[in-house]
Amino acid sequence: MSDQAVAEYTVARGKAKSFYPRYERKSELQHQTHFCPGCGHGNIHKMLAAAIDELGVQDRTIMIGPVGCGVFTYYYFDVGNVQAAHGRAPAVATAMRRSRPESIVISYQGDGDLSAIGSAEILHAANRGENITVIFVNNAVYSMTGGQAAPTTLLGQKSTTTPNGRSPAAGEGYPLHVSELLATLEAPVYIERVGLGDNKQIAQAARAIKRAVENQVRGLGFSLIEVLSPCPTIWKQTPVEAQHWVRDVMEKTFPLGVFCDRTKERGPQALERLAARAAQPEPALADLPRILGVAEEDLPEGHAHAIAPEQTVDMQVRIAGFGGQGVLLLGEVLAEAGLDAGLEVSWLPSYGPEMRSGTSNCHVRISREAVDSPLVSAPNVLVAMNEPSLRKFDKSVRAGGWVIYNGSEFPSDCRREGVHVLALSFTEMADAMGDKRAANMVMLGAALEIAGVLPQASVAAALRRLVKNPRWVELDERAIARGRELFKESLAAV
Amino acid sequence: MKKQLMKGNEAIVKSAILAGCRAFYGYPITPASEIAEAAAEFMPKTGGVYVQAESEVAACNMLYGAASAGVRAMSASSGPGISLMQEGISYMAGAELPCVIADITRSGPGLGNLGAEQSDYHQVVKCGGHGNYRTIVLAPHSVQEMADLTALAFDLADRYRNPVMVMADGFIGQMMEPVEFPQTATRPHLPSWAVAGTAASRGNLITSLYLDFDELEKHSRALEAKYKLAEQREARAEEWLAGDAEIVLVGYGIVGRILKSVTAQARAEGLKVGVLRPITLYPFPVVQFERLAFNAKLFVVVEMSNGQMIEDVKLALNGSRPVEFLNRMGGNVPSHEEVLRFVHELARREGLAQQISDRQSSGKQTQNEERMAHV
């Protein structure tokens, strides 16, 4: 049709402003789309562009393109464009909408993209109630790759990978009803299936698509419009036959209708969310160190002066016991006290799955010099809170070192020349003080007394930083003092 | 400056936020979970976004979205999760999107176990995704470096518009050491290429799709030029008593720490041993290897893997010096004692150390084998 011929008609509805006037990102034929004659994408693109125009959100709109025939949304839509990996558009949309709360994010996906490879992403974006709009184009096949079966392929429908027609008996399953499935969730606001089977259906599709975008503009939450869309090329039909097939065949498997509509009840919530966001502005940059707990002025002064500069410090401590005996805390208090005293420290835990009856151990190094390896393979103090832990590590203790063992009977086969032993039932001692769970702190007291390095002020400061409950701080302080006494008593006894 | 005791995993998050990171997409996995937990606590308090994704596949594609929107964003995981993130990393490299991903490594293959290994080297440094791309990889060996290198990672990611990985073994993630942070925070400006849902950014496009062969080749050559520039400018390594070393021990992460303690003892025994610790695994610090090769008789690579970095060491030395190898796997760590014994053997073989007696090198073999308990 020549330009002159066009001029003889009154343009009732021109090309949407949200389309590029000319598709310059295409390498050729920049005046037309890449879609086949009779393809539904062209119609759906038009409806979407019209909705963006009518809602006045072109500048704010971000279109997420899928993999498949819809991949080139950025050829046509004059909006912000991001092309996503196959099926992942809802994940990409989630992040964009959350980081740019003023934007309008539209995830445009086909049925291979959304209902197969991206089934997890769409389910969870819907379930989180992301404030995004999803346009789900369902033509019951993988079109761009040449007509393979999709989760949405109809029963009996032939495709290149269901050459005999899709059959549950052949293990090919049933058509996946995405809209019905997502409508079982509590979070989505609006889910509707529409078709392009005739003009009446098309008019309803346009209304639904606009509504889904409008819901997002109003901040209501997740909306999805499933569009049954013809693919004459792959279906091997004429455009007219394909359109009728949507209405006469596809619709029987995928009935049209609204599956979920919570727009009314979500309105007030959306307003509340907006108000809450406005009331909570982003904190000033200068406040971030304080918020993160790393502001220097908030850190304790410590007791670095308490240790004589000439005193050598080389504590290599291994602490081991059952999970729940406070092994890691014992080590933390030690390391924290070392830092408080102005020394170089490291604390390294063994770690594993959170499960019952596990054992636990940690390495602590406290030194004047920078700690090279935080692994303590030859400790000068071993704190063994039970017999298995003793047997695991006792042979690693270096000559001249100490084993502090939680048990009055020290196994005779673990005794070694040149290694000192303090074996007492620390659990009983702690129990007598009020709580057997303080056994770790009694043992810590003994270890501190043996090492004779860390000032008590640093130990007390460490304890107060790590133990929040004042009742426990008080008990732990007594337990540490008791441990120190027990060691001194044991020396006196020798 | 005053320091505080902190886990490596926590230091990553605090440093990231100070560096302007305002989005974190996570999925729990031992031994990286503390990163997600700290992000869940601090992102909302600092005006950022935290989402626990349904999988690492989704988490990485959320990163793609946040990066597309021009936000400094990060995620963290461990081996099995990093495997799942390879798709998103390839797409981000292709679309030239900056992001930071921390890999707190554990043991594999498959479910392996939770102990620390360095067996993610191939998939992280050589890039486990499809296509012609590289990621810059930083390898901290202390909690302080977890903080410092995370901040650097965001700068490098922006400078090269490319994903940057911070790869640390489970020990570095789990251990606590004194650490200090900058007392000022950064707010990065919105990049001009970002798709931010604004009038100014309306014409922008983020894609890794180049249908035309010549255009994709041009794009790949542009990426290649970018990586070459990074190779010239960004390679980093720590040399520790290495200048006159006849035996150069090579290791990164926790192994670098062990090698330092071995070196201290070997030096005390009169052996000229030193450490070369790569800090960037890509770009690999080739120049430092070439320089140390002047004095060194041999290089010793120590890894907690089946020998993945050793390939890069051999390429860097290009046959100029012999390369020996010591490794442990399965969550086991090469102990100070076993590395020292290995050094003694090599020194004797090379005639560098008549003074090393048999007593020093052969005692306590089985007793001191370090075996971390991973329950």
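Two residues count as in contact if their C-beta atoms, placed from the backbone, lie within 7 Å. Keep that cut-off in mind for the exercises below, and remember that this is a predicted model.

**Exercise 1. Judge the overall form of chain B.**

Task: Work out whether the radius of gyration of chain B agrees or disagrees with that of a compact globule.

Solution: 
- Step 1: Begin with the length, because a compact globule of 375 residues would have a radius of gyration near 21 Å.
- Step 2: Compare this with chain B, which has 21 Å, so the two agree.
- Step 3: Turn to contacts in chain B with a separation of 6 or more: residues 24 or more positions apart account for 79% of them.

**Exercise 2. Find the buried face of helix α11 of chain B.**

Task: Say which residues of α11 (310-317) of chain B are buried, and how they are arranged around the helix.

Solution: 
- Step 1: List the buried residues, which are B:I310, B:D312, B:V313, B:A316 and B:L317.
- Step 2: Look down the axis of α11(B); these buried residues fall within an arc of 160 degrees, so they line one face of the helix.
- Step 3: Recall a general rule: an α-helix has 3.6 residues a turn, so residues three or four places apart point the same way.
- Step 4: Look for what covers the buried residues of α11(B); the cover includes β11 (247-250), α10 (286-292), β14 (298-303) and β15 (323-327) of chain B.
- Step 5: Follow the chain just past α11(B), where B:N318 takes a positive phi of about 50 degrees.

**Exercise 3. Trace a sheet in chain B.**

Task: Give the order of the strands in the open sheet of 7 strands in chain B, and name those at its edges.

Solution: 
- Step 1: Read across the sheet in the order β3-β2-β4-β5-β7-β6-β13, with mixed pairing.
- Step 2: Check the ends: β3 (49-52) and β13 (280-282) of chain B each have a single partner strand, so one side of each is left without a neighbour in the sheet.
- Step 3: Zoom in on one pair, β4 (73-77) and β5 (99-105) of chain B, which run in the parallel sense over 4 bridges. Here B:S77 stands opposite B:D103 in β5(B).

Notes
Residues are numbered from 1 along each chain as its sequence is written. Chains are lettered from A and ligands numbered from 1 in the order in which they are written. This is a predicted model: local features need pLDDT of at least 70, side-chain atom pairs count only at pLDDT 80 or more; totals for chains, interfaces and linings use all residues. The radius of gyration is taken over C-alpha atoms; the globule rule is 2.2 Å times the number of residues to the power 0.38. A residue is buried if 20 or more other C-beta atoms lie within 10 Å of its own, exposed if 12 or fewer, and partly exposed in between; C-beta atoms are placed from the backbone. Helices (H or I, at least four residues) and strands (E, at least two) are DSSP runs, numbered from the N terminus. The arc is that of the directions from the helix axis to the C-beta atoms. Two strands pair if DSSP finds at least two bridges between them.
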